[in-house]
Amino acid sequence: MQSKPALGLILAGLILASSLASCSARPSPASTSTLSTLEAEQRAGGVHASRSKEYRDMADLAADSTVVVVGRVLKQETVVEDIPYTLSTLEVQEPLHPTPLATAVNQPALSKSSIPTTVVIRQLGTSDMSETPAPILNADGTGYLVFIRPTELPGEAAAQFYVTGGDAGIFTKGADGVFMHKVGPVNDNIPAQITKEEISALK
C-alpha cells in the first residue's frame with residue numbers, strides 16, 4: 001500500500017497537469033473581443049465560447065461597431081494560434097453605417113470614402129468544426145450584412161476585424177433586400193430580419 005505522503009504527491013501532480021491542460025485550451029487575452037468578453041475553450045471537433053454582453057436593440061449593437069457593411073466573402077484561410085481562426089476576406093459592396101454610434105466605445109469615426117474595398121474578418125473556429133461560437137462566413141457567394149470592429153490585436157491582425165458580438169452581428173441576405181438573422185444562444189433583443197434602410201436610419 002502507498003504511503004499517504006506519496007499519494008498526496010501523485011494527486012498534486014494530477015491537479016497541476018489538469019490545470020496546465022485547461023490553460024493551454026484557452027486563447028490569450030489578446031485573442032478575444034474586448035467588448036463582448038468571450039470565454040473560449042476547445043472541445044473535441046469544435047470551439048465553445050460564451051459572451052457576457054446581451055444586446056438590447058440594434059442601436060446597442062451598432063454602438064459597439066465601427067462600421068456596418070454589406071458584402072460577400074472572396075477568399076478564406078485558417079490560422080492556428082492557441083486555437084484555430086478563420087480569416088475571411090470580405091468584398092465591401094456597400095458601407096451602411098460609418099459609426100455615428102461608436103462614441104460609446106471611443107471608436108474612431110470613419111467616412112464612407114475611407115472604408116476599404118475589402119476587410120478581413122477574424123472568427124473563432126473553422127467551417128468544418130461541429131461547434132463554433134458563431135456561424136463561420138461562407139465563401140459561396142452568400143451576401144452578408146455584418147457589424148464589425150477592429151480586433152485591436154498586435155501585428156498583422158491589427159488590420160483585421162471581429163464581428164461585433166460574434167453571432168449577434170451576422171445577417172444573411174435573403175429575398176427582396178431583407179437580411180436574416182439566426183437567433184443565437186444569448187438572449188439578444190435583435191430582430192430576425194432587417195433592411196438596409198433600417199440600418200441607415202439608426203441614430
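**Close-up views of a predicted model**

A search of the whole structure, which is a predicted model, finds seven salt bridges. Let's look at some of them, and then at a few loop residues.

**View A. Lys-53, Arg-56, Asp-60 and Asp-64 form a network of salt bridges.** Side chains of opposite charge can pair when their charged atoms come close. Here Lys-53 meets Asp-60 at 3.7 Å, N to O, and Asp-64 at 2.7 Å, N to O. Asp-64 sits in the loop between α2 (58-63) and β3 (67-80), while Lys-53 sits in the loop between β2 (46-51) and α2, so this pair ties together parts that are eleven residues apart in sequence.

**View B. Glu-94 and Lys-196 form a salt bridge.** Their closest N and O atoms are 3.0 Å apart. Because Glu-94 belongs to strand β4 (residues 84-95) and Lys-196 to helix α3 (residues 196-200), the bridge ties together parts 102 residues apart in sequence. Glu-94 is partly exposed, at 29% relative accessibility, and so is Lys-196, at 26%.

**View C. Thr-142 lies in the loop between β5 (118-124) and β6 (143-150).** Thr-142 is buried, with a relative accessible area of 18%. Its side chain makes a polar contact of 2.5 Å with that of Asp-140. Leaving aside residues up to four places away in sequence, Thr-142 touches Gly-71, Arg-72 and Thr-172.

**View D. Asp-176 has a positive phi of about 60° although it is not a glycine.** Most residues other than glycine have a negative phi. Asp-176 is found in the loop between β8 (170-173) and β9 (178-180) and is exposed, with a relative accessible area of 80%.

Key: Residues are numbered from 1 along each chain as its sequence is written. This is a predicted model: local features need pLDDT of at least 70, side-chain atom pairs count only at pLDDT 80 or more; totals for chains, interfaces and linings use all residues. Side-chain values use heavy atoms; hydrogens and water are left out. Helices (H or I, at least four residues) and strands (E, at least two) are DSSP runs, numbered from the N terminus. Buried means under 20% relative accessible area, exposed over 50%, partly exposed in between (1.4 Å probe, protein chains only). A polar contact is a pair of N or O atoms within 3.5 Å; within protein, one must be able to donate a hydrogen and the other to accept it, and residues adjacent in sequence count only if both atoms are side-chain atoms. Contact means heavy atoms within 4.5 Å. A salt bridge is a side-chain nitrogen of Lys or Arg within 4 Å of a carboxyl oxygen of Asp or Glu.
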